[in-house]
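Look over the sequence and the structure first.

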Amino acid sequence: MSLTLRQLEVFLTVADTLHFGRAAERLHISQPTVSQEVARLERTVGVELFDRSRRSVRLTSAGEVMAAESARLLAQAGTLLARVRLHEETRLGTARIVASPTVVNRLLPAVVSRAERELPELVLAELSVDTGRVSPTLAGELADLGLGRFLDDVPGYRRERIADEPVHVALSRDHPLAGRAAVRLDELGDLPLLLWPREQSPRYYDHVLALCAERGVEPPVLVGPARIVGSRLYLLSQSRAFSLVPASITGHLTEDVVTVRLAGRATLPLELQWRLDDRRPGLAALRELIREEAAVLEAC
């Protein structure tokens, strides 16, 4: 038997569009080429994969089985290539870390600093993304390690909780409660909670609102941009809103904004994510270093 991954790719595109012309457009090849590749595949397997007896194109029962198995085979081929490429010479000594905004303030600099001293053979590349984008970036093979909160489950990747950071209230330095050692949410009155849109990171969003509900308050939510610590900081500095943030963000806001510990036990999880089949020694050492630095954050 002689079939190619390209034939399977062409076949699956036709199976998805049920139209040889549209499949050709999607693949950026000619329609005769699509027909030829499908015909070769049908000769190889010995059965018709499409019913062409009507004006529309439909999968035969054999074609439906072929489509399911081809999709599995192409996915396995993609995994094979990704695993082999991990051992490409240029990647053996490189670690790409993708992190959400609050991680780049304290944890990531500490990790990079230690790695330069203790893992000099490893070259680190850092990428900062918006909340909710760490796992998709990993899944897209754009990074080797991910650091963030409420990360997504991704097939073939492990997600490990490495710290629970205390929650602080971010508010204006001029706010009457700014000098307190701890703040209760009910003391903030009707001040809105500045938060990103829920669809950006549903589990993170719900966790923050649950912290409020546990304390008997339902503050109005003021939806801001992807990065609360970005262009909407003026809403905090002008006492027009407050935000709930991890303790590690303390000292990384503007001078007009301070953070005060939230009264009662409240934490935000910090998670590490990586490919299960990535067994490069340098990456294993880096993960352990990250765990150690994350433990320092938890103790704050």
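In which loop does serine 100 lie? The model is predicted. Serine 100 sits in the loop between strand E3 (94–99) and helix H6 (107–118). Its relative accessible area is 5%. That is under 20%, the limit for buried, so serine 100 is buried. Beyond its neighbours within four places in sequence, serine 100 is in contact with Val129, Val134, Leu147, Gly148 and Arg149.

Now the rings. The structure holds four aromatic pairs. A pair of aromatic rings is described by the distance of the centres and the angle of the planes. Two of the pairs are tabulated here.

| Pair | Centre distance | Plane angle | Class |
|---|---|---|---|
| Phenylalanine 11 and phenylalanine 50 | 5.4 Å | 55° | tilted |
| Tryptophan 196 and tyrosine 204 | 4.6 Å | 70° | edge-to-face |

Why is the phenylalanine 11 and phenylalanine 50 pair tilted? Its planes stand at 55°. Stacked needs under 30 degrees and edge-to-face over 60, so the rest is tilted.

Phenylalanine 11 belongs to helix H1 (residues 5–17), phenylalanine 50 to strand E1 (residues 50–51). The pair therefore ties together parts that are 39 residues apart in sequence. Phenylalanine 11 is buried, at 0% relative accessibility. Phenylalanine 50 is buried too, at 0%. Ring pairs also bring in Phe20: Phe11, Phe20 and Phe50 form a cluster.

The planes of tryptophan 196 and tyrosine 204 are at 70°, so this pair counts as edge-to-face. Are these two residues buried or exposed? Both tryptophan 196 and tyrosine 204 are buried.

Key: Residues are numbered from 1 along each chain as its sequence is written. This is a predicted model: local features need pLDDT of at least 70, side-chain atom pairs count only at pLDDT 80 or more; totals for chains, interfaces and linings use all residues. Side-chain values use heavy atoms; hydrogens and water are left out. Helices (H or I, at least four residues) and strands (E, at least two) are DSSP runs, numbered from the N terminus. Buried means under 20% relative accessible area, exposed over 50%, partly exposed in between (1.4 Å probe, protein chains only). Contact means heavy atoms within 4.5 Å. Rings of Phe, Tyr and Trp (its six-membered ring) pair if their centres lie within 6.5 Å; planes under 30 degrees apart count as stacked, over 60 as edge-to-face and the rest as tilted.
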